[in-house]
Amino acid sequence: MENKIIKLIKDSGVVAVVRAANKEEATQIALACIEGGLKAIELTFTVPNADQVIRHLKLHIPEEKLILGAGTVLDVQTAKLAIEAGAKYIVSPGFDLETAQYCKSIDVPYMPGCMTITEMLTALKAGVEVIKLFPGSVFGPSFVKAVKGPLPNIQIMPTGGVSLDNIHEWFKNGVVAVGVGGELTAPAKTGNFEGVKANAKAFVEAVNKAKKGV
């Protein structure tokens, strides 16, 4: 049976990858994304004291408005820290077997970054439900279609290289969701959180159209 968090992420279609200089900026970016209609937030462990930020977001944003995950999780110790703080899913730039096994044992989705078919098969064998294609910019949407030839049931979420201009192509080629960072959150660098909110709205609209094949 499909994990309920995975289902929520697929329903949302977009995971906002939040990198920030501090807790305050991360919180403001997350809130702007949520106000723009994006529920799935991946708070990366490149943010200083990321576990504290995760805990802060969990406390201050109602659960029905937020699908909170942790990104840039490289090992099982960081995964434990993130989950104890309130992360509901774990995302990594690469695959780590120990982390995969730990997350599976407590029924927390683990989405590892994979580049090759071999890496993807290794992750699937470890019980991974959704593969993060990373960096997506290296491959492009056509790669997803090629992978789904021999592996028709694989669930792929590209991160990196996803924009408003190509999101339709990604979904047309078979992704279940996309991860978006800088394309979404760039205005925050100048303190323009309204710009982040506007971008979030644009991505929500684009993904809804892409899912309908419009």
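The lining of the second largest pocket splits by class into 5 nonpolar, 9 polar and 4 charged residues (Ala, Val, Leu, Ile, Met, Phe, Trp, Tyr, Cys and Pro count as nonpolar, Asp, Glu, Lys and Arg as charged, and the others, Gly among them, as polar). This is a predicted model, where local features need pLDDT of at least 70 and side-chain atom pairs pLDDT 80 or more, while totals for chains, interfaces and linings use all residues. Residues are numbered from 1 along each chain as its sequence is written, and side-chain values use heavy atoms, leaving out hydrogens and water.

**Pockets**

- The second largest pocket holds about 240 Å³ of space, a volume being the space filled by probe spheres set on grid points joined across faces, edges and corners.
- Of its 18 lining residues, V17, R19, F134, T159 and G181 sit closest to the centre.
- A pocket here is an open set of points on a 1 Å grid over the protein atoms alone, where a 1.4 Å probe fits, with protein on both sides within 12 Å along at least five of seven lines; lining residues have an atom within 4 Å of a point.
- Strand 8 (178-180) and helix 10 (182-185) are the elements giving two or more residues to the second largest pocket's lining, and helix 10 gives the most, with 3.
- Helices (H or I, at least four residues) and strands (E, at least two) are DSSP runs, numbered from the N terminus.
- As for the largest pocket, its volume is about 330 Å³, and 16 residues line it, with K4, I5, L8, E63 and K88 nearest its centre.

**Helix packing**

- Helix 3 (residues 50-60) packs on helix 4 (residues 76-85) at about 20°, axes 8 Å apart; axes are lines fitted to C-alpha atoms, for helices over the stretch in contact, and angles run from 0 to 180 degrees between N-to-C directions.
- That makes helix 3 and helix 4 roughly parallel (angles under 35 degrees).
- D51, I54, R55 and K58 of helix 3 meet L81, A82, E84 and A85 of helix 4, contact meaning heavy atoms within 4.5 Å.
- The contact residues divide into 4 nonpolar, no polar and 4 charged.

- The F134 to P135 peptide bond is cis, omega near -5°, and P135 is in the loop between strand 6 (130-133) and helix 7 (136-139).
- T72, not a glycine, has a positive phi of about 55° and lies in the loop between strand 3 (67-71) and helix 4.

Definitions and conventions. Angles under 35 degrees count as roughly parallel, over 145 as roughly antiparallel, 65 to 115 as roughly perpendicular and the rest as oblique.
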